[in-house]
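I opened my notebook to get to know a structure that was new to me. Here it is, so that you can follow along.

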Amino acid sequence: MPLSRQLPTTDNATKEDGPAPDDSRERTPDDTRTTDRAAAPDPDRGTATGHGDTAADGTDERDAAGPGADDAPAAAGTDAGGTGAEDQRPGHDTAPAGDDPDHGPEQPSAAEESAQGDSAPAGRPAGAEDPATGPGTGDPADEPAPARAPDGPAASDDGTAVGAPGGSRPAGTPGRPWRRGPRGRWRAGHPAAARVLTYGTTALAVLLVFAALVMPNGLSRFTPFAFTRLPGEAVVAAAVLLFLPPRPRRWVAGLSGAGLGLLLVLKFVDIGFYSVLSRPFDLVLDWILFEDGHSFLESTVGGTAATAAVIGAVTLAAAVPVLMTLAVIRLSEILVRHRATATRTTFVVAIVWITCSAIGLRIGSTPVASSAAAKLVKDRVNRVEAGIEDERKFARVAAVDDFGDTPPDELLTALRGKDVLFAFIESYGRVAIDENPEMSRLMSAALAEDTDRLDEAGFSSRSGFLRSPTTGAGSWLAHSTLWSGLWVDNQRRYRTVTASDRLTLTGAFQRSGAWRTVGMMPGVTRAWPEGKFYDFDAIYDSKELGYRGPKFSWTPVPDQYTLSAFERLERAKKDRDPLMAGIILATSHNPWAPIPRMIGWDEVGNGSVYHAMKEEGKDPEEVWKDPEQVRTEYRRAVEYSMDSLVSYLEEYGDEDTVLVVLGDHQPVPTVAGDGASRDVPISIVAHDEAVLDRISDWEWDEGLKPGPDAPVWRMDTFRDRFLTAYGPQAGAPSAAQPESDADTESDTESDTDRNADPDVAAKR
């Protein structure tokens, strides 16, 4: 007779329990733990089998001696938790304290699994001790199923198992008395709530993992179809976890969960970057932008709200990987508990995924078989590698400068004696000109009116487009690109070029000895060591402008005040040299509310007059509740900036005034829309017609508004074109001759192509 048939019944069993379950049933990991440890020899009491002791002849010593004190509760048919023998019939599967009532016996800990021995060899009964290796050294998932040990013993009032001699531990609970913890007592007292909690937690774990695998990293790609994809990464992970040994399985599940959590955090960050910069987060270069983002929040919503937002973001970023790790570990345990079913399901889903991938099955435009998470990870690895290579490439391109050795007397000879003003209008992009029909209609009317006013003041203008290296934000990248003649589209390049001695456009004016160079930088609110790269003789930041008025959201100083301060601090001086000025007009910076209004130039004073204007203006939080209102306020802000410049020329301009006005980048996608170009308008305004004759072969359009067919150049080509046009030998490259392969980029280029730098040295 098999050994399993010789084992006596335990204290919790009755004769009505029937024969032991069939060995061929699907086993759980807990079966082996109970049987193997029950079979471990006790040096004092003989061979332990369950809760009783077996004599040499195979009979239970307690059966021979009659029931003892320890057997009384069991004979009554009720344990300390209120579970009677009637509930413990075969097939009832009542879980002992601490076990999951929905998923069978609780999984053993890592230490217990690692301590379990190999399955019994052929010819030795399952659960018997191997004399060579000792008890409990096998992996329960790999052993043949032994006869099932009865459910856990009843607990006495003192917490020890009934039938365990002298308070010793029950079978299957090594190392400590079996006590029901707070969690077990709550589950026993609230079985329905425990079941709901168990299934709810599992469902949340599934949703969290699924969302991390298929969630897009840009708001424009959030469609219902995006969540109908079948993630191939989940299929591979399930297969690996099912066939790994216990200890490696837990490590792999934990590390996979942490990695998946970090991937989800990266997707959230990407969503923010796409919403502002229309590009994903750069893992190497973009960390500095978080500080700028915090400064922006402080200036728009206040310090307390900004701090709260930072704390919330950091908490979320720390919690997501932890929760994801717990979710993956939980799902891996469920897979192993139901190994046979999980194996079959994984195999079927893998076949479905392969079939959908092979035939290219799609729902809408979204492929059903997805590997988006793996592709995203691969893309970021490639970007890091490309960034390293880009640094070497950029250093080679930056070393070539055809104007670096130009003698001072050959620089900008056609502009000698002129005041040359370069004015950047923040976020002034092509969307305001011709990419949004309603906005373009109103903006075109405003620019036509401004052109007429300039004509009346004796000024003429020519306009075209430049392609900016950035969009949505990152004005300093555009500024350094225009001044240096290099394509500066990331922070690494910015640091590299501002640490070099490359000749800038402002430096060319300074080197000539014919101009005093001045920087009007109202947006600079702290130390700016990069400023020395631009070769300004004087830099006026927000503190040095003498402004005593309020901030307009992010904007520290209204544009009209900036121009008024420039006139007062520099241009109104007697016996001065001609000026070359770089002027930043920041009123059109996001969030575009509230907006000041134009006043008489003699009313500007120290700026205190603007306090009342701010109170009259709109609340940015209210504006940003409606995207259409955001676009309206953006247009009004750009109109104000342009109106400030035109009014300045009317008030202070003369025949020796030359103005170059341009945008630095397009506004955020809320205004520009998805897929907008990176083009920004640029105009040259002059009283002297000879100045505009020098650029006649540029084929720019007349007036302040460039037409839809106006030339589009990369912004980094402007320095060389400008220095050539106004040098001793007039004649610039034709607009039809691209400086690099970027000039032929389409407006609908992909994110990868859009951020790649097509530096092809074709310098003159």
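Below are my entries, one topic at a time.

**Ground rules**

I noted that this is a predicted model, where local features need pLDDT of at least 70, side-chain atom pairs count only at pLDDT 80 or more, and totals for chains, interfaces and linings use all residues. Residues are numbered from 1 along each chain as its sequence is written, and side-chain values use heavy atoms, with hydrogens and water left out.

**The whole chain**

I began with the overall picture and found 25 helices and 16 strands. Helices (H or I, at least four residues) and strands (E, at least two) are DSSP runs, numbered from the N terminus.

Next I looked up burial: 46% of the 764 residues in the chain are buried. Buried means under 20% relative accessible area, exposed means over 50%, and partly exposed lies in between (1.4 Å probe, protein chains only).

The chain exposes about 34,900 Å², and carbon and sulfur atoms supply 57% of that area. Accessible areas come from the Shrake-Rupley method with a 1.4 Å probe, and for residues only the protein chains shown count as cover.

I also checked contacts, meaning heavy atoms within 4.5 Å. Of the contacts between residues at least 6 apart in sequence, 74% join residues at least 24 apart.

**Salt bridges**

How many salt bridges does a search of the whole structure find? It finds 30. A salt bridge here is a side-chain nitrogen of Lys or Arg within 4 Å of a carboxyl oxygen of Asp or Glu.

I picked out Asp688 and Lys418, whose closest N and O atoms are 3.0 Å apart in a salt bridge. This pair links distant parts of the chain, 270 residues apart: Asp688 is in the loop between strand S14 (679-686) and H23, and Lys418 is in the loop between helix H13 (372-398) and strand S8 (419-425). Asp688 is partly exposed because its relative accessible area is 29%, whereas Lys418 is buried, at 9%.

Then I turned to Asp679. It forms a salt bridge with Arg430, the closest N and O atoms being 3.0 Å apart. Arg430 lies in the loop between S8 and H14 and Asp679 in strand S14, so this pair ties together parts that are 249 residues apart in sequence. Arg430 counts as buried because its relative accessibility is 9%, and Asp679 is buried too, with a relative accessible area of 1%.

Asp679 also forms a salt bridge with Arg467, again with the closest N and O atoms 3.0 Å apart. Arg467 lies in strand S9 (residues 460-467) and Asp679 in strand S14, so these parts, 212 residues apart in sequence, are tied together. Both Arg467 and Asp679 are buried.

I wrote down one network as well: salt bridges with shared partners join Asp419, Glu567, Arg571, Arg576 and Asp654.

**Surface patches**

Patches are made of residues with over 30% relative accessible area and no salt bridge; like charges are joined within 9 Å, and nonpolar side chains (Val, Leu, Ile, Met, Phe, Trp, Tyr) within 5 Å. Lys and Arg count as positive and Asp and Glu as negative, while His and the chain ends are not counted. The place of a charge is taken as NZ of Lys, CZ of Arg, CG of Asp or CD of Glu.

Which residues gather in a patch of negative charge on the surface? I listed Glu449, Asp452, Asp455, Glu456, Glu689, Asp693 and Glu702. Helix H14 (437-456) and helix H23 (689-693) each supply at least two of the patch residues, and H14 gives the largest share, four. Asp455 is found in H14 and counts as partly exposed, at 45% relative accessibility.

The nonpolar patch that I looked up is formed by Leu283, Val284, Trp287 and Phe290, with about 380 Å² of accessible area together. Leu283 lies in the loop between helix H9 (246-277) and helix H10 (288-301). It is partly exposed, at 35%.

**Two residues up close**

Ile539 lies in strand S11 (residues 538-541) and is partly exposed, with a relative accessible area of 29%. Not counting residues up to four places away in sequence, Ile539 touches Gly519, Met521, Trp528, Gly531 and Glu544.

My last stop was Leu569, found in helix H18 (residues 559-571). Leu569 counts as partly exposed, at 21% relative accessibility. Leaving out residues up to four places away in sequence, Leu569 touches Tyr540, Glu544 and Leu545. Leu569 and Tyr540 are 29 residues apart in sequence and 9.3 Å apart in space, C-alpha to C-alpha.
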